[in-house]
Every structure is written in structure tokens, then in C-alpha cells.
Amino acid sequence: MSGSMTPPTARLAPDGRAGDLEAPDDEGLLRVRDLWKVFGKRAAEIQGSQDLRALSRRELIDQTGCTAAVRDVSFDVAVGEVFVIMGLSGSGKSTLVRCLTRLIEPTGGSIEFDQSDLLQVDHKQLREVRRRQVSMVFQQFGLLPHRSVVSNVAYGLEIRGAGKAERVARAHEMIELVGLSGYENSFPHQLSGGMQQRVGLARALAVDPKMMLFDEPFSALDPLIRRDMQAEVIRLHHEMGKTMVFVTHDLSEALKLGDRILIMRDGEAIQLGTGDELVGAPADDYVRDFVRDVPRQDVLTLRWLAQPAKPGEDLGGLALSQHTLVRDAIRPVLESSSRVRVMDKDRLVGLVGREEILAILTSDQK
Amino acid sequence: MSAGALVSGLSVRKIRSRWVWLILAAAWLALYLAFHGTSTLPLSASSTTSVQNNLNSFNNNISNGRNSNPVFLYGVNYVQVGMTHFVSFLQSLISQPGFGRPAPLIGWLGVIAIVGFVSWLTAGWKYAVLGVVGFYILGLQGLWQESMDTLALTIAAVLIAVVIGVPLGIWIGLHDRAQHIVLPVLGFLQTMPSFVYLAPLTLLFLIGNASATIATLIFAIPPVIRLTDHGIRAVAEPTIEASDSLGSTTWQKLVKVLLPMSRRTIVLGINQTMMAALSMVTIAALISAPGLGQVVIDALQTLDVGTAFNGGLAIVVMAIVLDRTTSAVGERSQQVGGRHLLGPQARRLAFGAGAVVTLWAVVESAMYVWANTFPSSPTIGPAIVAGASNASNWVQSTFSGITVGLRNDVTIAFLNPLQSMLTNAPFWLVILGLCAIAMIIGNARVAIVTLISLLLIVGTGVWQDAMQTLAMTIVATVLTLIIGIAVGVWMGRNRQVDRFIRPILDAFQVMPAFVYLVPFLALFGASRFTAIIAAMAFAIPVVVKVVADGIHGVPAPAIEAATAAGSSTWQLITRVQLPLATRSLALAANQGLIYVLSMVVVGGMVGAGALGYDVYSGFVQAPLFGKGLAAGLAIVLLGVVLDHISQSAANRIDPSRH
Ligand SMILES: Nc1ncnc2c1ncn2[C@@H]1O[C@H](COP(=O)(O)OP(=O)(O)OP(=O)(O)O)[C@@H](O)[C@H]1O
Ligand SMILES: [Mg+2]
């Protein structure tokens, strides 16, 4: 089904990859290069051997008994960005995100965070990074069952040696921020799953980190609560502007939250791009399969539909920005007598008419 | 009916065809008929072999070298003296004159107040009442001082066990390699009957409190190590990871996450250690540990059922108080954010009041005789003694038909034939038979272990006694399994029954081994049968539990399918549930054997003779010390053989096959 949709998008895609995004390099907070994680006794040997590294994950298991959970992954995360990592179960998302603060020790590559190479620092420095710079929210919450909500939220401050008054004040602030006021003295088992995860969120926020990591934080929650929590994260991101690395296997969650999305398969990074790039120009069938059920009108923008002007065509019609979502352009395009101009600021990118819009709408209906 | 056929009854089903067994049994019988009465290695009760004499002189040499041998001078003696002082210190606190006073520092009033206050703080007011009433009863029984001696020794052993066991448990909980080394050692310690620790320790630490405490420590320490390890390992991975992700140090992780989250399991371990310690402290009376055990042993020696009952009852009361209170501590540590009856203000006030009252009671008991020495009246001790001994006489005379009949039936029908077969067969034939069984049920390794162990038993010189013990063990185990499996199946099939029976079994299991002897002695008098039935009572609870859990663990779909196919209840049990629970049955047999053996030897003190009696007389008569030591060794070796064979039966049954 998606195959039938490829021709227009493939033909119309202006420039395949992340080309026209603001390049994050100069303000990059996190630079990951050639990252590897091999589980197993012979990890070091595999890391050292070109031949072994070239094997697929399956072959590697058969030959050495080791699993390459993360294979040669590189990406940058900009300050304030929400970076999403996606993939099927077992694709190495959790391993990758844990490697970022060495909760799992990578076996190769480099991780530069805020100008320092995390793989070179000693344990003490690493602890400092975990205590002050990067915090994490877990799928299974990981709350301390024997402690109240306040004391769970204050835990991060406690272990870095903050005074009692300071950490309690901060914890109360965070509890209020995540909307749990009134539950300060409850215990985790007295809270619903959604509320427990709010505690996890507050705990991660309490240390005022530069970057937050999320490993499928809402997978264990039911759909309605999940939506609330997603809205919560978006709100917090707007209010506090934290850089976030967010693991999920739910595409709609990825599209909702992510500035950019990294798709993984069998430990490898398959494609990195914005939501509309993944939908508009999937790198291969794996990615295409992933995005198959997304309503395209909600993701694609006009630049994906723009066609070159035919000779002598009337260029006096309505003008819309190339970043307008298809969804928002349906009405103007259908009502317009001539094809609509798609603009990149003052430059004409192309034209969009009924035909293109209807093609998208029909494919969404299937 | 060879030993082989009997052991094959341990549910080792379909492992080899029936023919192998039949042929072997026939061959064995043929050899038996040809050679019985030869090479039976008899040894009368008062005679000794040269090996045993050597052990005796070894003991003497050790005694003589105690003050010159550097190992003793700089090691063992220090431990011995330190331990003795530690125990005396505790004794002079609560049970014996000390600190230059004619009476213990804290008298009965103070002890009871402390028990009440501490249980109230850690377990709740109900347990405070239980503790106060329980301890008061101990005094009323006329056994205050003995109870406090037992308590002092138990506390000494438990304190040391916790100080060593918890850190060790944490360590093996965090390190797989260490765990792989320590767990098998604990497993071995736990298969050893409590009895056998005593003699070797007296060799090193002399008869008395030091040996008693160290024996108790060794016997009781496995649960606290195991459960601490288990608790640490059971802490949820996400929580540990969350703590790591926030930058906790290893130490912070331990004290803020691992220990609080495994507290309940660790307390459970301490509870089990405490109950094991109490059990052992009473048995350590054999090497002159003071206390309630001494009361029971003295009474058993003179077959004074009334006094033994009074002492046994006191042990039970103490066991109940210690067990209930420490389990309540564990349960309480689990309910976080539990509700309190009183507000914080009122609680502080109540605490203050409690502390003041306790302090007053302690001071009062230190200063005045009335609060120090438990008053001799009112008392219920003599009434209990008289009542129990009258009841025993009455039962024995009124129901002699039943009790004597039962005793004689079992003895004549099962025990005597088996025992005479094992003791009349040449030793090599028994060894051959057992090795064949080990080979068939287990493998060559098990057969070799069996061979070596049995040859060593021959070397100890107590072969015939070992065969008598083996006969009693087999009879008691078979009976235990029959009853245990029946009850276990019933329990496993019916949750309601389970809910009703399980607490009773739990209660039985915390009872020190010793007290099992008393009621059966009252019913059946001094005999081998008494030991057998006490061993059954001791072993049945654990067998029932293992079987019930196995039956309950049979997957529901299998039962549904069989029921849908129209099976009757009997068919369901025999064709589906028992076969699917084979592994549990084998484990039950293993546990049953170990428990039975450890109790059968204790039964040596009440007329069961055999190895238990040898050990026992080794403590009483100096010239027999070597023989007692040899018998203890034989018990360990017998335990090794039985454990290995039954263990390998359990291992053979691969649970994944079902
Ligand atoms: N500690 C480990 N030892 C060995 N292999 C591991 C370990 N942790 C993960 N793996 C393997 O690494 C691969 C990637 O696992 P990972 O948990 O990172 O996947 P994931 O993308 O997070 O999957 P999910 O969506 O199920 O959480 C899997 O094949 C897994 O079996
Ligand atoms: Mg995962």
C-alpha cells in the first residue's frame, strides 16, 4: 500500500536528507561518534577486528556468541533539541541511551558531552556528570518503594550531598511542577502508574540537568494517561527548554515530541531526520514499514508536494510557506482556482494543486 | 524387598526399566542368602576399635598440647576464651551471678520489661503482650534461670551470626563468583545433622559454652547468609539503575537502595537463623551448654516425662515468642507508610512513657530481690510436671493396646526385617547394593562418592550401628513420604486446605528438634520406634510443603485438559499431577531423608541406640569419646550418601522436559 504512495513523494522530495535543517554542529551538546556496544565475553576481540565488526548481528552471535547491541552509531544533539530514538524491540535503543551516561559501558567510539569526552573521564567525574548534568527517566519508573514521594524526588540531591532544607524545598517545587501537589507524603505503591512516572520525571528534573534521557517512559501506561504525560513533557520542554533524548517505539509519540528522529534496526542507525523527512523519504523498506500508518497530511509539509511550474502556467495564485502542513493547506488549495505557490521565504519552490492534495488524502484513507 | 527396592520407591520413576531393578534385587538376594552372617563387622556398645582409640588419644594429645601448640596458643585458645567471655557477659546480664554480684544484673522484671518494650517498638503492641506473657510463663514454670541461659546463648550466637552473615550475604549477593563458592558450602552445612557439630568442636574448644556457641553459630548461620544474598539479588534492576543514573556511589547504593529494599528478606533470614540457633542451643546441652536443653536432657536420661515436658514446653514458649516477634518485625518493615493508631505527638509520649517504665523495671530488678529472682510462688511448674507424667502414664496404660500395638507392628513388620537384613549382610554386599543404586539413579560420580563414603564408614568401626541407623532412617523416610505426599497432594489441590494447614506446618518447623522427642517418649516409651516417629513428625512438615508446592505448580492447562477428557479425581492425581510434580517428589524425598536422619540420631538418647547413642555416650564417658567422634563422622558420611543419591534422583528429572 505504501508502495503506491512512494512515487509522488519520492519524485517530489526536494532534497533527501537532513540538508536544510539548521545544522546543529556549532551548538551541539552531545556528539556521538562510531559508538559500539558488544555484549559478551569476546567483546574486546570483536571491537579490535575489522572482519568481525563487518558481520551482521546474527552472524556475530552464531560465530562468537556475542551480541552487537549498538553498531557504529553516530549523531549530534543540539542544545534544546528533543532527539528521538526509535526502533523495534531489540534494536538497541535502551542500550544506546544507557551508553550515553555509561550505565552500560560502550565498547567503542566516542561520546562528547558539553565538550568533554565521557569515555575518558574517571568514575568520579562520571558520577558528577550523572549527578548534575544528565538525568534519566525509566520505563519501569525505578522508584524507591520505601521512600515517600518527596524523598524519592529529593534522592538525586541527597546523594550529591545537598542539605535537607534545600532538597526538600526543591523537591516540593518539582512536585508542584509535575502536578502532584498533595501527594508529597504518599508512597509509590499508593500512586497510579501515571503518577509514579510523574515522580520519576520530577526526580529527574530536580537535579536541574542539562540533558534528560527517557527510555520508553510511557510504554507501561495506558493510552489516555500516556497522552497526558506526552503533553506534560511537551509543556515542560517549552517551559524549561531542556535538551532531551527520548526512546520510544511508538511512532506517533516520536512525531509528536521529536525535533529529529533516529531510526535503529539491529543496533544500526538506519535513518536520521525530521518526521516529515522519514515519512516523505524513507531510506528503506524498514523505515517505510514504520511510517506506513501515519496520516501523511498531518506530517508532510507542502515542500514535499511542490511541482515545478509548467511553461506558461499562471503564477499569480495564493502563496503558502513550504512548511505549511498538508492538513492545513487542503482547504486553500481546493478552493483556489489556480495551483498554489509554495514559497521558501521569497523564493518559489514549486506549485501544489488539487491532484497532489487528493493523492495524499486518498493514500491516508487506505 | 532389598534396600534397593525401597530406595527406588523414592519416586525415581521410569528412569530405567523395571527389569534392571528386578534382576539386581534378585542377584542381591541370592548373594545375601549365600553370605549372610559373614563379614558383618559387629562392635559391642562398650568396645572400641583401634581407629577409635587413636581418635581418643588424638583428643588427649590435643588436650595436652592446648597450652604449648602455637595453633592453640595464638589462635584457638583466644577464640575459646573470647567466646566464653562473651557468653558469660550476656549470662551475667540476665541469667547468672556476675559483675561481682550474687545475682544477674537484670532480673526477671527488667528482662520482661525490655522484651515488652523492644517488641512494642519493632513489632507492635500485640507482640509486646505476647512477649511479656510468654516470658512470664517461663518464670511460672519455674524455669526462669534456665530460660535466660538459653536466651543468652541464643543471643550470643545470633549476634555473631548476623555480624558475620549479613556482610557475607551482601558480598555474595553482589559477586557471582563468591556466591558460587559460598552457596555449596552452606548447602553442605545444612545437610549435616545438628548433632554432629558438637564433638569436633569440643575437640578444639573444649566442652562448654564456647563450643556450644560456635556449634550453634555454624549450624544457624546459613539462613541469614542465604536470605541476605537472595534479598540483595531480588532488588529490582530498574531501581538500582535509577540510583546509578543519578550518580550514587556504591556505598550510597548499598545503604539507600539495596539494604532498605531487602530488609524484609534479611529479617526473615535472621528469624530463621534465630530459630535454628535456639534449636541448636538446646541440643548443645549435650556438651554442657546450660539452659532448658539441660533440663530436657537430664529428664530424658531418667525417662522423667513430666520434667522433660515442662522443659520442652518452655522451649516451645520461647520459640513462639522469638519467632512471632521477629517475623512481625519483617512484615512491619515491609509496610511502608503504614497507618498509626496514634498521632506523632501521642506516639512520642507513649514511647517516652514506655522507656521510663522499662528503665524503672530494669533498675528495680538490679537493686531488689523481688524483681530480680523470679518468685517461687505462684508457680505452675510442678503442676505441669505432675500433669504430664500422669497423662503419660494414663495414656500408656489405657491405650497400651494402641500404642504398644502400633509400636510393635511397625517394629516387627518393617524395622526388624530391614535392620536384620542390613546388619546380617556382609558389609561389602551392602556397599555393592548401594553403589549399584547410586549408579542407576545417579551416575558414576555419585556411585564413587557412595563407595568412598561407605568405605570410610567401615573405617570408623561403627558399621553395624550405621546400618541400624540406616534401617531406622529408611523406615521413617518411607512412612514420612507416604503421609507427607498424601497430605501434600491434598494441600496442593485445595487452596482452602493449604491456608488451614500451612500455618500449622510453619509452627511445627520452628520447634527445636529436641522437643519432638518428649511427647512421643510419653506415648511410646524409650524405643527405636519413638525415634522413628519423632523423626517423622520432624520431617513431615517440610515434605508436605515441598509436595504441595509441586502439585500446586502443575500448569493449570494440563489439569483442565485432563479434566475435559473425563479423568476421575484419582486418575487426575496419579496420571497428571503426580507425574508432573515428580521433581518435587524427589526433592521431598531428599529433604525427608536429611530431616529424618538428623532426628533419628537425636533419638539415640531415648532408646533408639545406634549411631546417635554412640555420639551421645561419647559426651558422657571419656573413654568412648573417640568412638563418639567416629560415630559422628559416620553420620555425616551416611548423610552424604543419602543426600547424593536422592539429590541425583531429583536432578535427573529435568523440569524442562514437561
Ligand atoms: N545485558 C545484556 N547482555 C546481553 N545481551 C543484551 C543485554 N542487554 C541487551 N542485550 C541484547 O542487546 C539487544 C538490544 O537490546 P535493547 O534492550 O537495547 O533493545 P531495545 O531496542 O531497547 O528493545 P525494547 O524495545 O524491547 O526495549 C538485544 O538483542 C538484547 O538481547
Ligand atoms: Mg528497551
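Predicted model: local features only at pLDDT ≥ 70, side-chain atom pairs only at ≥ 80, totals over all residues.
Before anything else, I noted what "buried" means here: under 20% relative accessible area, with only the protein chains counted.

**Entry 1: one helix in chain B.** I picked out H29, which covers residues 625–652 of chain B. I counted 28 residues in H29(B), and the helix reaches 40 Å from its first C-alpha to its last, close to the 40 Å expected at 1.5 Å a residue. Is H29(B) enclosed or open? I found 23 of its 28 residues buried, so H29(B) is largely enclosed by the rest of the structure.

**Entry 2: the rest of chain B.** I looked up the secondary structure and got 29 helices and 0 strands for chain B. Its radius of gyration is 26 Å, close to the 26 Å from the globule rule for 658 residues, so chain B is as compact as a globular protein of that length. The C-alpha trace spans about 80 × 65 × 60 Å along the principal axes of chain B. I noted that 54% of the 658 residues are buried. Carbon and sulfur atoms hold 67% of the accessible surface of chain B, which is about 28100 Å².

**Entry 3: over to chain A.** Here I found 17 helices and 13 strands. Buried residues make up 54% of chain A. I put its accessible surface down as about 16200 Å², with 48% belonging to carbon and sulfur atoms. Last, I checked charges: chain A has 47 positive and 53 negative ones, and their mean positions are 4 Å apart.

Key:
Residues numbered from 1 in each chain as written. Chains lettered and ligands numbered in written order. Heavy atoms only, no water. Helix = DSSP H or I, 4+ residues; strand = E, 2+ residues; numbered from the N terminus. Buried < 20%, exposed > 50% of the residue type's maximum accessible area, 1.4 Å probe, protein only. Areas by Shrake-Rupley, 256 points an atom, 1.4 Å probe, with all protein chains shown as cover. Lys, Arg positive; Asp, Glu negative; His and termini not counted. Charge placed at Lys NZ, Arg CZ, Asp CG, Glu CD. Expected span 1.5 Å × (residues − 1). Rg over C-alpha atoms; globule rule 2.2 N^0.38 Å.
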